[in-house]
There are 4 protein chains.
Amino acid sequence: MKIGILTSGGDCPGLNAVIRGAVIKGDRLFEDEFIGYRDGWRGVIEGDWMTLPRRRVRGIGRIGGTILGTSRANPFHDGADGAEIVRRHMDEQEVDAIIAIGGDGTLFTANRLSEAGIPVVGVPKTVDNDLDATDYTFGFHTAVEIATESLDRLRMTGDSHHRCMVAEVMGRSVGWIALHSGMAAGAHVICLPEFPLSIEEICGYVKAAHDRGRAPLVVVAEGFVPSDAPEGFMDYDLDEFGRPRFGGVAAALAPLIEERLGIESRATVLGHIQRGGEPTGYDRVLATRLGTAAVDLVHGGGFGRMVALRGTDIVDVPLTEAIDSLKTVPASRWHEAEVLFG
Amino acid sequence: MKIGILTSGGDCPGLNAVIRGAVIKGDRLFEDEFIGYRDGWRGVIEGDWMTLPRRRVRGIGRIGGTILGTSRANPFHDGADGAEIVRRHMDEQEVDAIIAIGGDGTLFTANRLSEAGIPVVGVPKTVDNDLDATDYTFGFHTAVEIATESLDRLRMTGDSHHRCMVAEVMGRSVGWIALHSGMAAGAHVICLPEFPLSIEEICGYVKAAHDRGRAPLVVVAEGFVPSDAPEGFMDYDLDEFGRPRFGGVAAALAPLIEERLGIESRATVLGHIQRGGEPTGYDRVLATRLGTAAVDLVHGGGFGRMVALRGTDIVDVPLTEAIDSLKTVPASRWHEAEVLFG
Amino acid sequence: MKIGILTSGGDCPGLNAVIRGAVIKGDRLFEDEFIGYRDGWRGVIEGDWMTLPRRRVRGIGRIGGTILGTSRANPFHDGADGAEIVRRHMDEQEVDAIIAIGGDGTLFTANRLSEAGIPVVGVPKTVDNDLDATDYTFGFHTAVEIATESLDRLRMTGDSHHRCMVAEVMGRSVGWIALHSGMAAGAHVICLPEFPLSIEEICGYVKAAHDRGRAPLVVVAEGFVPSDAPEGFMDYDLDEFGRPRFGGVAAALAPLIEERLGIESRATVLGHIQRGGEPTGYDRVLATRLGTAAVDLVHGGGFGRMVALRGTDIVDVPLTEAIDSLKTVPASRWHEAEVLFG
Amino acid sequence: MKIGILTSGGDCPGLNAVIRGAVIKGDRLFEDEFIGYRDGWRGVIEGDWMTLPRRRVRGIGRIGGTILGTSRANPFHDGADGAEIVRRHMDEQEVDAIIAIGGDGTLFTANRLSEAGIPVVGVPKTVDNDLDATDYTFGFHTAVEIATESLDRLRMTGDSHHRCMVAEVMGRSVGWIALHSGMAAGAHVICLPEFPLSIEEICGYVKAAHDRGRAPLVVVAEGFVPSDAPEGFMDYDLDEFGRPRFGGVAAALAPLIEERLGIESRATVLGHIQRGGEPTGYDRVLATRLGTAAVDLVHGGGFGRMVALRGTDIVDVPLTEAIDSLKTVPASRWHEAEVLFG
């Protein structure tokens with residue numbers, strides 16, 4: 001078969017390992033031919049692609065980002081007949097199936113295409129770990145490791161200066177990275193979008209830690225807003241996604257804590273370094289398994305479905321499951337973490 | 001309650017995070033008092049313990065090894081009445097329950113004690129990931145990351161010299177570390193105890209990789225023996241566990257490969273560095289969750305049981321489940337990896 | 001002798017290795033007794049100190065920050081007679097000499113005390129590498145490694161999105177960290193306080209890199225101001241040192257680049273993670289050597305002097321040399337780097 | 001000018017950064033054209049080379065190993081007229097000058113060629129830091145960081161088991177890596193080829209550390225032989241360089257320590273991972289500076305010379321200086337370290 005691959009949406013450590021896994025398996029087992037679209041759906045729409053012979057994927061499994069490039073282009077943009085656009089391209093290039101690697105937006109598009117009869121399978125990708133149909137997504141653990149390492153560093157300098165360190169990690173809508181990195185680093189309070197603490201409560205935990213002689217560490221997901229946020233609390237310039245471009249919630253919280261408690265406080269925004277790393281071993285293994293499984297899914301005719309991790313197994317599920325709802329941090333995980341605060 | 005904690009068997013990144021999680025949760029939620037036994041069961045047998053107030057566990061979550069020390073001591077050693085020894089100690093010190101953190105040997109002991117009426121719960125620990133009743137154990141992912149990083153380095157020097165690099169990783173009886181780190185590093189062949197390839201087959205994969213212009217990377221678990229191993233192949237000095245103290249299978253394989261294929265080959269034994277690292281974020285989170293869950297298990301009266309990971313949940317299972325059989329790499333995982341060889 | 005040690009000013013990876021080196025050498029060779037002041041000069045002024053027996057320093061060489069704590073307190077603050085304060089304390093506690101570990105402010109104070117007859121020696125400390133009398137200071141290389149690693153990560157995500165990444169690193173007055181980390185990461189332009197490029201020039205380099213198909217990487221020291229900065233360019237809230245608390249120059253530059261060139265641009269401020277790490281091997285060796293040499297300097301009666309690195313040797317120089325002037329990046333180093341821009 | 005570049009001898013982190021620095025500077029400033037020889041002198045002898053346009057070196061600065069490959073080939077091998085061979089190649093391909101990057105063997109060859117009138121300049125390379133004419137060589141600090149990190153890990157597992165860990169690092173003839181990594185990791189004794197301790201003395205330090213409650217860490221350079229080594233102490237299979245292929249001195253020492261002191265001891269050989277890493281920021285900066293300086297040296301007609309680091313400056317020196325003698329660890333550095341033993 002001739003299979004097209006694309007990576008779409010925000011980049012994520014492990015994308016290259018998916019591509020490599022798919023190409024090697026397809027080449028070895030099925031004598032598939034692969035092409036890669038440049039910058040996600042843009043490459044399909046504009047017919048911008050490269051061949052992906054085995055030698056193009058050599059050694060890329062450990063490299064972060066994506067050799068194909070990515071974008072937020074979408075064949076249905078502006079009311080276009082996306083299915084027609086994609087079908088025409090596939091006919092012209094004699095492409096038999098598409099493997100779309102992306103987050104909820106990409107999988108939503110893939111599902112629309114599938115419903116219109118386009119043979120497409122999905123591979124879930126989200127640094128934020130917010131996709132419902134899979135236990136974990138590659139990239140998430142890499143982001144957690146990078147964040148944890150940074151939090152460890154912040155603790156060391158905080159300890160020397162007896163300061164409260166407020167660290168903002170990724171997570172617009174869900175707090176998975178904050179939960180895991182905060183728990184790993186022994187944070188004294190973790191602020192998730194799902195469970196809005198008040199500034200009062202946050203200060204309570206900070207004070208408790210300070211009273212025990214610790215330099216308090218506050219980990220806050222970028223999408224967190226305190227339940228008692230004063231007027232104008234988040235009044236910053238916003239970026240294309242409506243999130244504060246700089247200093248967001250951490251920069252807003254730190255001076256408040258300092259003012260209320262008299263504890264010197266500093267904010268740090270980890271930002272883009274969280275998504276830019278080499279994938280960890282964990283994420284490379286997961287991504288490789290998903291990539292090879294996606295090829296099996298194509299050959300098994302499982303169009304409209306995506307590969308996913310359940311326990312220790314790679315399974316496949318309908319695309320509709322993935323895009324149904326956001327996977328938020330459940331209350332049980334929150335309570336598990338909360339008991340360690342302060 | 002007054003709870004005793006011990007770490008037993010080989011050390012493992014994450015032990016301190018378990019201890020910390022248990023102590024903080026017990027202290028916070030139940031006003032438990034904790035003591036820690038020095039060097040595993042030895043501390044119970046000899047009454048060698050320290051108090052574990054909250055401040056003793058501060059900051060230890062990210063530190064490798066175990067602040068309690070460990071050993072392979074066993075209260076049933078040499079036919080001793082282990083249950084009686086442990087019970088006497090618990091009575092004297094008014095200890096209500098014991099949390100035993102360890103591998104199959106430790107959990108076997110814990111189960112015997114439990115059957116004799118001692119209130120003990122288990123926390124599974126194995127760098128090798130060979131315990132059947134839990135999806136993963138803490139320490140395993142840290143070992144995989146360290147091994148992967150080392151394999152990445154070996155590839156770079158191998159590439160420069162066009163050499164075949166043979167790397168030996170931990171895994172006496174099971175090949176989990178070899179499987180994951182080998183897959184992560186893009187090894188050209190992975191040798192597991194569970195699926196004994198012949199030297200012939202290994203050389204076939206090495207040659208295929210070399211013919212494609214790659215510097216072949218062979219990852220071999222320490223317990224692997226080729227199916228066609230010549231007489232005396234593993235004739236080395238053995239250590240206390242019956243495994244070759246040095247150079248083991250990697251040192252045996254490398255010259256054979258060089259001789260048969262004429263490709264310069266070098267062996268490396270990663271050894272103890274694999275178990276000595278700071279735990280990764282993943283392992284710290286898992287270990288912390290297991291530690292807090294163990295305290296819940298004690299308070300719920302779940303003696304004779306151990307905490308475990310299933311999917312994304314922490315559950316508890318009978319100790320007997322853990323010690324029933326070794327968790328080996330299943331054929332499905334082997335085939336998934338094998339298709340990428342050569 | 002009885003020797004007091006203090007760490008003062010901003011914290012810095014390697015402080016603990018200095019302390020450890022001094023204590024072990026003094027203990028071994030001279031049977032010295034050590035005390036450590038809490039939070040720099042504050043501990044001297046307020047008589048807040050701890051004993052530093054050998055066992056207090058075990059294992060601290062690899063830990064970031066300082067076990068003694070630090071502050072910006074100063075015995076001469078507010079016109080106080082600092083020498084009298086310090087002398088009185090030393091008499092009371094029978095302290096024979098003080099080892100002051102710190103940056104230009106600390107060394108300036110040490111020099112004033114020395115001129116007033118107090119037996120004090122200095123150990124230079126600055127993450128920024130801006131002290132003139134030593135080739136390098138410990139902490140600098142650790143900060144460069146952390147920054148380099150972060151820049152590598154930014155490049156990966158930048159490449160995937162074809163974005164211009166603008167990264168702000170430490171360096172209020174000097175550009176050493178920007179120069180080294182930028183050169184190490186292959187930045188397309190590096191902005192130093194010492195050599196103020198115009199926004200025009202920066203955009204020229206960004207465009208050149210972009211035209212060659214690269215995702216441009218701009219590394220900017222926090223103290224850099226473009227030579228043609230428009231009115232209000234740096235109009236941010238300022239922190240205690242007069243530097244922008246958030247988003248500083250990187251956050252100002254990124255949108256300007258995007259606007260002028262139409263290349264999507266993102267800013268990242270590395271911030272406090274740069275000074276919080278475990279010291280690298282390089283910094284641990286340098287710090288240990290300086291610590292042991294400081295004890296020799298005390299016993300040799302070299303008061304009013306500090307230890308320093310010259311080439312591969314540890315030497316000692318008058319404190320006055322260290323505080324004479326800031327060590328800025330020389331033109332030769334700038335030209336060496338500049339040729340690689342664009 | 002048309003300039004040929006080669007990397008020769010053992011690989012070393014930073015080689016690619018030298019190549020990149022040279023190519024970009026030559027391209028930018030002088031419009032030089034570059035070719036790269038495959039596998040060192042072999043490429044010159046056999047006319048096996050690739051063009052090195054600017055785009056071939058993009059992004060390679062941070063990658064370990066060498067994109068050109070390396071070998072121990074030598075144009076003067078077996079009495080061949082090396083100068084004639086090289087001259088003929090240069091005439092045919094119109095190569096104006098050669099930049100030879102390598103250790104003492106390579107620089108010796110370069111010097112012979114230079115004496116025969118071939119326009120060649122050198123760039124010193126040695127992981128072992130044993131070249132006399134330069135303060136440090138790139139690759140050395142990377143190896144020290146990797147070794148230090150591994151030693152940190154060994155300490156953690158050693159501490160948990162109260163074991164003596166014996167770690168063997170690179171250094172056939174000189175002990176620089178052992179000295180720096182051992183000092184960084186706080187080793188209790190460091191064994192250098194230059195200062196042969198007796199087994200008696202080593203055991204003395206191990207016992208002293210053990211008596212203080214520490215898990216002793218012994219760092220030993222591969223070329224170390226105890227002054228009182230018993231008959232057959234180093235009787236192992238030797239590799240091509242006459243060094244023990246496995247288990248070398250560490251594997252010999254560990255059981256001796258265990259036998260004499262009754263302290264459980266384990267040996268680890270770090271081996272090839274020390275030279276395979278991504279270069280640290282330090283080494284990338286040094287390598288880049290040497291690469292750009294080598295191009296200046298070519299254009300300045302400095303043939304028969306090599307670039308070198310002196311203090312913080314890049315200078316150039318006669319090749320003869322580099323090959324005169326090995327740079328061993330001086331007594332002053334040994335005494336500095338020794339005081340911390342035990």
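## Strand 2 of chain A and its partners

In chain A of this predicted model, strand 2, which covers residues 33-37, is mostly covered, since four of its five residues are buried. On one side of the pairing pattern stands strand 1 of chain A (residues 2-7), which joins strand 2 of chain A in the parallel sense over four bridges, and within this pairing I3(A) has F34(A) as its bridge partner. Between these two strands the chain passes through helix 1 of chain A (residues 15-30), and the β-α-β crossover made in this way is right-handed.

Strand 2 of chain A also pairs with strand 3 of chain A (residues 49-51), but here the two run antiparallel and are joined by three bridges. An example of a bridge pair from this second pairing is Y37(A), whose partner in strand 3 of chain A is W49(A).

## The corresponding region of chain D

How many of the five residues of strand 2 of chain D are buried? Four of them are, so strand 2 of chain D (residues 33-37) is largely enclosed by the rest of the structure. Strand 1 of chain D (residues 2-7) pairs with strand 2 of chain D in the parallel sense, over four bridges, and K2(D) is found opposite E33(D) of strand 2. Together with helix 1 of chain D (residues 15-30), these two strands form a right-handed β-α-β unit.

In chain D, too, there is a pairing with strand 3 (residues 49-51), which runs antiparallel to strand 2 of chain D and is joined to it by three bridges. Here the bridge partner of I35(D) is T51(D), a residue of strand 3 of chain D.

## Helix 7 of chain B

Helix 7 of chain B comprises 13 residues, numbered 199-211, and at 1.5 Å a residue it should span 18 Å, which agrees with the 18 Å that separate its end C-alpha atoms. Which residues of this helix are buried? They are I199(B), I202(B), C203(B), V206(B) and A209(B). When helix 7 of chain B is seen down its axis, the buried residues fall within an arc of 125°, so they line one face of the helix.

On the other side of helix 7 of chain B, by contrast, E200(B) and D211(B) are exposed. The buried residues of the helix are covered by parts of chain B that include strand 6 (164-169), strand 7 (189-191), strand 8 (217-221) and helix 8 (248-261). After helix 7 of chain B comes G213(B), a residue whose phi is positive, near 90°.

## Helix 4 of chain B

Helix 4 of chain B (residues 104-115) has 12 residues, and the distance from its first C-alpha to its last is 16 Å, close to the 16 Å expected at 1.5 Å a residue. Its buried residues are T106(B), L107(B), T109(B), A110(B), N111(B), L113(B) and S114(B).

These buried residues of helix 4 pack against several elements of chain B, namely helix 2 (41-45), helix 3 (82-93), strand 4 (97-102), strand 5 (120-124), strand 10 (305-310) and helix 10 (319-324). Just after helix 4 of chain B, G117(B) takes a positive phi of about 95°.

R310(A) lies in strand 10 of chain A (residues 305-310), and with a relative accessible area of 35% it is partly exposed. Leaving aside neighbours within four places in sequence, R310(A) is in contact with A133(A), D135(A), V315(A), V317(A) and E321(A). The C-alpha atoms of R310(A) and T292(A), which are 18 residues apart along the chain, are separated by 16 Å.

R275(D) is located in the loop between strand 9 (265-269) and helix 9 (281-299) of chain D. Is R275(D) buried or exposed? It is buried, because its relative accessible area is 14%, and buried means under 20%. Not counting residues up to four places away in sequence, R275(D) touches T157(B) of chain B as well as G10(D), D11(D), C12(D), P13(D), V127(D) and M170(D) of chain D.

## Confidence in the model

The model scores ipTM 0.94 and pTM 0.95. For chain A the mean pLDDT is 94, and 96% of the residues of this chain reach 70 or more.

Where pLDDT is low, the predicted coordinates should not be read in detail.

Note on methods:
Residues are numbered from 1 along each chain as its sequence is written. Chains are lettered from A and ligands numbered from 1 in the order in which they are written. This is a predicted model: local features need pLDDT of at least 70, side-chain atom pairs count only at pLDDT 80 or more; totals for chains, interfaces and linings use all residues. Side-chain values use heavy atoms; hydrogens and water are left out. Buried means under 20% relative accessible area, exposed over 50%, partly exposed in between (1.4 Å probe, protein chains only). Two strands pair if DSSP finds at least two bridges between them. A crossover is right-handed if, with the strands pointing away from the viewer, the path from the first strand over the helix to the second runs clockwise. pLDDT is the predictor's confidence in each residue, from 0 to 100. The expected span of a helix is 1.5 Å times one less than its number of residues. The arc is that of the directions from the helix axis to the C-beta atoms. Contact means heavy atoms within 4.5 Å.
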